[in-house]
Amino acid sequence: MKSVLKMLPVAGIALGLVFGGVPAAAQQAAAPKASPAAIAAAKEILTMKSADKMYANAVPGTVEQVKGRLIAQNLNYQKDLNELAPVVAQQLAGREKEIGEGMAQAYAGQFTEQELKDLLAFYKSPLGQKLIAAEPRAIEQGMAFTNSWAQNFSEIVASAFRAEMKKRGKDI
C-alpha cells in the first residue's frame with residue numbers, strides 16, 4: 001500500500017496529462033454515453049482492483065499543495081492558512097469519489113458492456129485474482145528496474161557527450 005501511495009504523484013501527473021489539456025465539456029462531449037450496466041461493471045472492476053487507493057488522499061493532498069502555493073504568495077498569512085487547511089479539507093472530504101466516477105466513465109468509454117462483463121468474470125477467476133494481487137508488485141519492480149536503467153544509461157549518455165566534446169578539444 002505504501003508503494004501505491006508513493007506512486008500517487010505519478011498517478012496525479014498521469015491523470016493531469018490525460019484530462020488536463022482538454023476542457024471538461026469537450027471530454028464529456030467526446031465520450032460516448034455508456035449504459036448504466038457498463039458503468040456498474042466498470043465500478044466493480046475498479047473496486048476489485050482497489051483503484052480508490054490511488055486517489056484516497058487526493059483531497060488532503062490537493063489542499064496541502066494549494067495551501068503551499070498560497071503561503072508562498074502570502075507569507076504574512078501563513079498561520080491563518082495553516083489553521084484553515086484542515087477546515088477546508090473537512091469541507092471538501094469525499095470529493096475524491098468524483099475521481100472514481102470519472103475512472104468508471106473512462107473504462108465504460110473504452111470497453112463495451114460485454115467486454116466489461118468479460119473482464120469482470122476474468123478478475124473473479126483464480127488467474128484474475130492472482131493478477132490483482134501480484135500486479136502492483138510487478139509494476140513496482142518494473143519501475144525500480146526502469147529507474148535503475150535510466151540512471152545507468154544517463155551515465156553512458158554523459159560519457160558519450162564528454163567523449164564527443166573531448167574530440168572538439170573541450171573538457172566537460
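Predicted model: local features only at pLDDT ≥ 70, side-chain atom pairs only at ≥ 80, totals over all residues.
1. Taking contacts in the protein chain between residues at least 6 apart in sequence, 74% join residues at least 24 apart.

2. If you follow the sequence along, the pattern reads α-α-α-α-α-α-α-α-α-α.

3. A word on burial and surface. The protein chain has 172 residues, and 16% of them count as buried. Its accessible surface is about 12,500 Å², with 62% of that belonging to carbon and sulfur atoms.

4. Helix α6 covers residues 58-73 and helix α7 covers residues 78-91; their axes come within 10 Å and cross at roughly 160°. Because angles over 145 degrees count as roughly antiparallel, α6 is roughly antiparallel to α7. The crossing of these two helices, α6 and α7, is right-handed.

5. Which residues of α6 and α7 make the contact? On the α6 side they are Val 59, Val 63, Glu 64, Lys 67, Leu 70 and Ile 71. Helix α7 contributes Gln 78, Leu 81, Asn 82, Ala 85, Val 88 and Ala 89.

6. What does the contact of α6 with α7 have by class? Sorted that way, there are 8 nonpolar residues, along with 2 polar and 2 charged ones.

Conventions: Residues numbered from 1 in each chain as written. Heavy atoms only, no water. Helix = DSSP H or I, 4+ residues; strand = E, 2+ residues; numbered from the N terminus. Buried < 20%, exposed > 50% of the residue type's maximum accessible area, 1.4 Å probe, protein only. Contact = heavy atoms within 4.5 Å. Areas by Shrake-Rupley, 256 points an atom, 1.4 Å probe, with all protein chains shown as cover. Axes fitted to C-alpha atoms, helices over the stretch in contact; angles between N-to-C directions. Parallel < 35°, antiparallel > 145°, perpendicular 65-115°, else oblique. Left-handed = near helix turned anticlockwise from the far one by under 90°. Nonpolar A, V, L, I, M, F, W, Y, C, P; charged D, E, K, R; others polar.
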